[in-house]
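Subject: Structure handover and notes

Dear colleague,

I am passing on the structure we talked about, with some notes on what was found in it. Please have it open beside this message as you read.

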Amino acid sequence: MTPRYSPLHLIFAFLGGVVLLFIVAPIAGMYLHTSFGSAMEALGSDDVRDSIWLSLWVSMAGTVLFSFLAIPLAYLLARKTFPFKNLVNALIDIPLVIPHSAAGIAVLGILTRDSLLGKTGEFLGIRFVGHPAGIMMAMAFVSIPFLINAARDGFAAVPVRLEQVGLTLGASPWRVFRTISLPLAWRPILTGFILMWARGMSEFGAVVIIAYNPQTAPVLIFERFTSYGLKYAVPAATLFVSVCLLIFILLRIVRRKG
Amino acid sequence: MLTVSNLSLRLGSFELKNISFTVERGAYFVLLGLSGVGKTVLLETIAGLHQPLSGTITLRGKNIADTPIPERNISIVYQDADLFPHLTVYENIAYPLRSRRKKSIDDVVRTASQRTGIETHLHRKPDTLSGGEYQRVALARGLASESDIFLLDEPLSSIDAPSKSGLRALLRQLHRSGITILHVTHDYEEALSLATMIGIMEDGGLTHCAPPAEIFQHPKSKFVAHFTGVKNYFRGELRSRPEGDCKGFHTGKIVFSALTDEQDGEAFLTIGPEEITLANEQEQSSNRNHFRGTITDIAPGRLGLEATIDIGEEIIAAISADAKQALRLEIGKSVWISFKASACKLYS
């Protein structure tokens with residue numbers, strides 16, 4: 001009888017276990033080093049709660065707002081062939097490969113008072129730098145590839161034939177998109193939506209360039225670490241990681257049902 | 001009703017060439033052809049899903065070449081996977097009605113579902129239906145859309161035999177109720193059982209268009225000949241001879257002697273395999289056709305065996321197992337074949 005695991009499999013399992021430990025150990029260590037009292041103290045702090053709430057809602061606002069632009073683009077990329085399509089696909093992934101502090105500098109460039117966007121903001125009474133609107137732009141810049149890529153793959157998985165049948169049944173292209181393409185691709189889109197939201201609220205490098213204040217959770221954790229040390233930063237970090245893990249679990253549930 | 005004139009189209013390396021035919025109002029027109037010949041592409045072009053290179057498509061006398069797809073009023077039913085999987089059967093049937101903002105949706109859905117026999121499945125999702133039920137829903141949706149013409153793309157090919165006969169009966173019933181249908185298939189029995197008119201598609205073109213009886217009694221292509229069980233089918237030219245009562249039928253490098261009153265010119269010739277005699281030596285007889293050839297295949301036939309002999313063209317002869325043993329016939333053996341001039345059936 002063939003053994004269930006050969007020596008090769010056992011070696012691979014050991015190496016894989018080391019990697020898993022490398023991922024789990026730091027997070028588990030953080031929880032183990034956070035006493036219930038310090039966690040409660042962090043939870044009771046207005047600064048910590050405000051920073052987590054700011055991270056959550058600003059990232060969500062950016063995700064919702066940019067989804068109106070990202071989803072149509074994803075649909076075009078999934079369905080149409082056009083010149084420089086590969087270039088467009090590559091451009092979308094740029095935020096994933098550049099250092100996030102550099103991304104922050106780049107976003108700052110289009111948000112200053114001298115830029116068109118900055119001037120428009122000023123006209124509407126919004127000064128992006130140091131403002132949640134600026135933070136939202138920084139978060140969206142680094143996280144939007146997750147939504148576009150997931151939505152593009154989702155639309156690509158919808159059979160073109162169903163859309164064509166919809167057209168022959170008298171539906172307009174808009175109705176076909178709304179009643180066939182979007183409902184059939186909703187799960188990958190939702191996955192991309194959650195990924196963009198989670199990635200945006202975790203962003204530190206780009207956000208800190210645009211706005212040190214108001215403080216998002218990653219900035220607050222950084223500030224506590226540099227000003228007061230590890231012991232003071234860990235409870236806030238643990239609390240924020242817990243929120244992120246909840247979102248992560250939500251994402252897994254969505255994917256699993258898919 | 002629907003007229004396609006000189007339609008040509010190119011999709012990558014695939015081509016449709018100068019296709020012309022007319023589907024009369026109330027007709028059941030079947031396009032018969034092998035897989036990959038372009039039947040589906042032709043249907044999709046009529047529905048507006050592909051842009052033709054040239055030619056016109058007119059429906060009810062109006063050129064629809066530039067009409068947007070939703071306004072063509074043409075329903076297309078594929079062999080599978082064309083119901084919306086996230087909608088119930090009811091919502092699938094109601095889809096064209098909601099798209100066209102029709103009233104009394106409920107009445108139309110119920111009538112269409114009753115006509116197609118799926119009125120008890122309205123709450124179900126498409127992935128819970130059998131193949132036959134699935135196609136009935138697709139037809140009900142087409143009925144609800146009140147289209148001018150139904151385009152059916154191999155609607156019976158992915159369902160089991162019992163469902164198939166029920167669905168055929170339904171298609172005949174829909175046709176009798178006055179619906180015009182253009183149906184493509186590779187199944188000649190399906191074509192025979194349903195069509196009032198058949199078009200034969202070969203190599204990206206429409207080669208023959210006629211009522212079923214004419215198509216199958218006088219096959220004008222090897223494709224149709226094979227369908228009808230004709231094994232030896234040749235295309236060539238019939239020429240009178242200066243002497244004798246036989247005419248010469250020239251196909252490739254071979255000339256057959258044929259006793260026929262058909263006019264000279266392009267013609268088709270068929271020879272029944274049972275008319276052909278095999279021998280190890282050339283024999284003197286009343287047969288006017290004698291050819292030396294090599295056996296390339298021996299396979300079981302409907303009765304006995306069928307030997308394929310290469311005489312410059314491949315020709316099939318029916319033989320018995322006894323004859324095979326007595327003459328020691330085997331693949332690669334050189335033999336003589338012969339048959340009468342009257343065994344050659346000619347169609348001009």
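Predicted model: local features only at pLDDT ≥ 70, side-chain atom pairs only at ≥ 80, totals over all residues.

Strand 17 of chain B is joined to strand 18 (residues 314-319) by six bridges, and the two run antiparallel. They form a hairpin with three residues between them, and in its turn B:G312 has a positive phi of about 110°. On the other hand, strand 17 (residues 305-310) of chain B also pairs with strand 16 (residues 289-300) of chain B, again in the antiparallel sense and over six bridges. In this pairing B:P300 stands opposite B:L305, and the hairpin formed by strands 16 and 17 of chain B has four residues between the strands, with B:G304 in the turn showing a positive phi of about 75°.

Chain B also holds an open sheet of six strands, arranged in the order 6-7-8-3-9-10 with mixed pairing. Its edges are strand 6 (74-77) and strand 10 (205-210) of chain B, each of which pairs on one side only, and the twist from one strand to the next averages 20°. Within chain B, strand 3 (residues 28-33) and strand 8 (residues 181-185) run parallel and are joined by five bridges, with B:L31 having B:V184 in strand 8 as its bridge partner.

Turning to where the chains meet, 15 residues of chain A are in contact with 18 residues of chain B. On the chain A side, the elements that give two or more residues are helix 8 (160-168) and helix 9 (173-184) of chain A, and the largest share, six residues, comes from helix 8 of chain A. By class, that side of chain A divides into nine nonpolar, four polar and two charged residues.

These two helices of chain A also pack against each other, with helix 8 and helix 9 at an angle of about 140° and their axes 10 Å apart; helix 8 and helix 9 of chain A are therefore oblique to each other. Helix 8 of chain A passes helix 9 of chain A in a right-handed crossing. In this contact A:L162, A:E163, A:G166 and A:L167 of helix 8 meet A:V176, A:I180 and A:S181 of helix 9, which by class gives four nonpolar, two polar and one charged residues.

With best wishes

Conventions. Residues numbered from 1 in each chain as written. Chains lettered and ligands numbered in written order. Pairing = 2+ DSSP bridges. Axes fitted to C-alpha atoms, helices over the stretch in contact; angles between N-to-C directions. Contact = placed C-beta atoms within 7 Å. Nonpolar A, V, L, I, M, F, W, Y, C, P; charged D, E, K, R; others polar. Parallel < 35°, antiparallel > 145°, perpendicular 65-115°, else oblique. Left-handed = near helix turned anticlockwise from the far one by under 90°.
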